[in-house]
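Could you walk me through how this protein is put together?

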Amino acid sequence: MGGWLRLYRRTIRSEVFEDPYLLKVWVWALCRANYKRVWVSARTGRGKTRIEVQPGQFIFGRKTASAELRMPDGTVYGRMKKLQQIGCISMQPNTHFTIVTICNWNRYQRPQRKSPQATAHPSNTQPNTGEEESKRTNTLSRAKLRFDDGDMDLAKLIWGKVHELHPSRKAPNLDQWANEVRLLRERDGRTLEDARELFSLANADSSFWAANVMSPAALRKHWDQLDLKLRRRPAARPGSNGASRSPTRIHQRNINDYCS
């Protein structure tokens, strides 16, 4: 397997880097992903079938992965589920195999394009005004997106949980989501801990809020309603102990589900 891929410096400050096995599985998944659309053969019981695999995808099998990584298949699968939970990958399993997709592959791994002047018109020194203006606009747009690692971690967590409920949903721009988390902190005065807790409650409410809070922007928009309806418990019944119970936070067990 030849070629190369991009590994970003901020990886060393990510949740993935904290677990050596998780980091190993993550780098392996990046190397396993196809860089172009291909058709591959996969076993289906006693026969075989042809599967179309897109850029950033690969066919995952526990035994093959275990052999290549020199890790128990249960450990490999557990780390793959962790990568899915934090929004690094998505998995589409069926009876015989699983298609793994690297989230945001096209944004982070797309190849560099050669300059058209260098190939088609080497003697033409006149700049392409429209193209240059477009590049400046895109650069300025990216410059407005500011966030730290904690903001990105929460954005990935939210996407991981949303993707579990809606596997076919298109992957978002995580930089924009992380920027929205920063605004939640700086403009709205919320903490990452409170945001993680409140999203956990909304995501667990399958009757209504799980379908209405599927991004950091939606979490900001509905914050006050969520805080009132989900996080604050109702007052105790008259005569039970003579006093109302004070608002409490989400049960510690549910917090651990998102912090593990």
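Here is a short tour of the model, which is a predicted one.

Let's begin with helix α11, which spans residues 223-231. Its buried residues are W223, L226, D227 and R231. They cover an arc of only 100 degrees around the axis, so they sit on the same side of α11. The general rule behind such a pattern is simple: an α-helix has 3.6 residues a turn, so residues three or four places apart point the same way. On the face of α11 turned away from the buried side you will find the exposed residues D224, L228 and K229. As for partners, the buried residues of α11 pack against α8 (174-186), α9 (192-204) and α10 (216-221).

Take V213 as a guide: leaving out residues up to four places away in sequence, V213 touches F199, A202, A218, L219, H222 and L226.

Our last stop is T101, in strand β5 (residues 98-102). T101 counts as buried because its relative accessibility is 18%, and the cut-off for buried is under 20%. The side chain of T101 makes a polar contact with the side chain of Q57, at 3.0 Å. Setting aside neighbours within four places in sequence, T101 is in contact with G56, Q57, C88, I89, S90 and Q92.

Note on methods: Residues numbered from 1 in each chain as written. Predicted model: local features only at pLDDT ≥ 70, side-chain atom pairs only at ≥ 80, totals over all residues. Heavy atoms only, no water. Helix = DSSP H or I, 4+ residues; strand = E, 2+ residues; numbered from the N terminus. Buried < 20%, exposed > 50% of the residue type's maximum accessible area, 1.4 Å probe, protein only. Polar contact = N/O pair within 3.5 Å; in protein donor to acceptor, adjacent residues only side chain to side chain. Contact = heavy atoms within 4.5 Å. Arc of directions from axis to C-beta.
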